[in-house]
Amino acid sequence: MRMEDTIEIDATREAIWPWLTEIDRQKQWMKGLVSREWTEGQPDAPGSKFRVVIKEGGRDTEYNGTMLAIESPDHFRSTMTGGCGKEPYTMHFTYKLADLGGRRTRVDYLCEFEMPKDPGFFMRLMIKFGTWFARRQSRSFHAKLKSLAESSAS
């Protein structure tokens, strides 16, 4: 499954970057984000490892991740594996920020899911519903990110 979203924000890349990378700011726009801790390497450095806890369906779900690439304030790419099912799944996230001139910035988001090899009928059904829900949630998160970044940049 692949999800993409693009938003334009009336703020510079430098003003938006902390909203994408600092946990206290992320919690303000990413509903359900409980915590993130760095477990290996330098924080926000390529190759560093982290653990994230997200409240899903009323319970805390743990994911283990790796920062694959990061270049402030242009882009970062990370991967996380975990989930609440029997078999863990992997998500790859990419954020790219493009200067549109003045204070305008385009934020491109890409999330790719790798599901278990043979998810079975029930899991396939849940994936279809989950895809719809994840797209709605992503748009909601990004609308909140836009609002927060613009209000803090004013």
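Tutor: D44 lies in the loop between strand 2 and strand 3, where strands (E, at least two residues) and helices (H or I, at least four) are DSSP runs numbered from the N terminus. The model is predicted: local features need pLDDT of at least 70, side-chain atom pairs count only at pLDDT 80 or more, and totals for chains, interfaces and linings use all residues. Residues are numbered from 1 along each chain as its sequence is written, and side-chain values use heavy atoms, with hydrogens and water left out.

Student: Why is D44 called partly exposed?
Tutor: Buried means under 20% relative accessible area, exposed over 50%, and partly exposed in between (1.4 Å probe, protein chains only). The relative accessible area of D44 is 28%, so D44 is partly exposed.

Student: What is the phi of D44?
Tutor: Phi is near 55°, a positive value in a residue other than glycine.

Student: How do you know that strand 2 and strand 3 pair?
Tutor: Two strands pair if DSSP finds at least two bridges between them. Six bridges join strand 2 to strand 3 (residues 49-56), so the two antiparallel strands pair. In strand 3, I54 is the bridge partner of L33.

Student: What is the strand order of the open sheet?
Tutor: The seven strands have the order 1-7-6-5-4-3-2, with antiparallel pairing.

Student: What makes strand 1 and strand 2 edge strands?
Tutor: Strand 1 (2-10) and strand 2 (33-40) each pair on one side only.
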